[in-house]
Amino acid sequence: MLDQVMETELAPLSLLEKAARVLGAFEGPQPRLSLTEVVRRSGIPRSSAHRILDQLVQLRWLDREGRDYRMGMRMLELGALASHHNRLRRAALPLLHALHEQTGRVVHLSVLDGAEVVCLERIGGSEATTVPSRVGGRMPAYCTATGKAILAFSDPSAVEHVLAQGLRPRTARTLVRPLALRSELAAVRERGVAYDREESFRGISCVAAPLRGAGRAVAAVSVSSGRGDRESARLAPAVLACARSVWRELYGPGRAGRTVRVAPPEDQAPAVSAQAMDNMMGWLRFSEWM
């Protein structure tokens with residue numbers, strides 16, 4: 001056991017570990033650090049620390065002012081993004097579980113990142129093993145229901161960015177012509193939900209609704225199924241109601257302590273109250289993705 005500990009202590013640090021130690025040196029009340037202070041706090045040799053600091057400045061993770069370094073705009077941007085995504089996930093989680101309980105299907109919460117959608121949360125069901133998705137996983141936005149739901153209510157520049165990356169076929173049903181995708185997004189705006197008709201994976205259909213008020217979408221909720229387009233259409237009202245409820249939890253008045261409700265697929269059955277989830281375990285999963 002002692003030999004294993006000594007080997008671990010003597011093992012050389014990877015470049016990523018060294019960069020993490022350099023960034024960790026900036027924890028604390030002092031906003032600016034010199035090279036000497038970074039070396040002292042991180043334990044990284046001076047030459048390596050100087051090289052890493054220069055690279056972090058080029059990447060905008062750090063800024064340099066004279067001989068001192070401080071946190072850069074990129075760190076602030078990522079910190080704000082992580083905070084927003086965590087708030088979004090915490091608000092949505094009880095409603096996602098309620099939607100899963102009502103439908104028995106795999107439920108996703110996703111956000112747009114460039115030309116891709118990133119899965120923030122996945123609630124599995126009886127078909128969990130047949131739906132190839134995971135928390136932190138990425139998919140092209142143009143062939144997913146969540147991607148189309150967000151793109152339909154995004155700035156035109158976001159759609160142009162997706163088109164510029166190319167529409168590559170993933171299945172025989174993938175929309176690969178720009179005109180077809182634009183028409184589909186227009187239809188999404190009319191009906192309020194988006195569909196993936198086996199466009200990402202053969203045998204998997206999906207319906208998604210955007211999280212939005214009167215403006216652009218910030219995320220999307222979806223339900224995936226291996227039972228075809230008819231099943232997705234039947235689940236659409238529940239998905240749309242869930243997305244609207246999540247939006248109210250985020251931005252609506254009096255959301256604290258309120259019982260959350262999601263309309264069932266048939267629209268007439270009683271709504272189900274969501275149970276409180278373990279926030280710490282949820283945050284650990286989210287942090288693992290980040």
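Helices are DSSP runs of H or I with at least four residues, numbered from the N terminus. In this predicted model, helix H7 covers residues 156–165 and helix H8 covers residues 178–191. Arg177 sits in the loop that joins H7 and H8. Is Arg177 buried or exposed? Exposure is assigned over 50% relative accessible area. Arg177 reaches 59% relative accessibility and therefore counts as exposed. The C-alpha atom of Arg177 lies 9.1 Å from that of Leu163. In sequence, 14 residues separate Arg177 and Leu163.

An open sheet is built from 6 strands. Their order is E6-E5-E4-E9-E8-E7, and the pairing is antiparallel. Strand E6 (138–140) and strand E7 (194–197) form the edges, each pairing on one side only. On average, neighbouring strands of this sheet are turned by 30° against each other, direction ignored. Within the sheet order, E4 and E9 stand side by side. Strand E4 spans residues 106–113, and strand E9 spans residues 219–225. Their antiparallel pairing runs over 5 bridges. Leu109 stands opposite Val221 of E9. Strands of a sheet pair through backbone hydrogen bonds, either parallel or antiparallel.

Helix H9 takes up residues 229–251. It holds 23 residues, so at 1.5 Å a residue it should span 33 Å. The C-alpha atoms at its ends are 32 Å apart, which agrees with that expectation. H9 also carries a kink of about 45°. The kink lies at Leu235, shortly before the proline Pro237.

Terms used. Residues are numbered from 1 along each chain as its sequence is written. This is a predicted model: local features need pLDDT of at least 70, side-chain atom pairs count only at pLDDT 80 or more; totals for chains, interfaces and linings use all residues. Side-chain values use heavy atoms; hydrogens and water are left out. Two strands pair if DSSP finds at least two bridges between them. Helices (H or I, at least four residues) and strands (E, at least two) are DSSP runs, numbered from the N terminus. Axes are lines fitted to C-alpha atoms, for helices over the stretch in contact, and angles run from 0 to 180 degrees between N-to-C directions. The expected span of a helix is 1.5 Å times one less than its number of residues. The bend at a residue is the angle between axes fitted to the seven residues ending there and the seven starting there. Buried means under 20% relative accessible area, exposed over 50%, partly exposed in between (1.4 Å probe, protein chains only).
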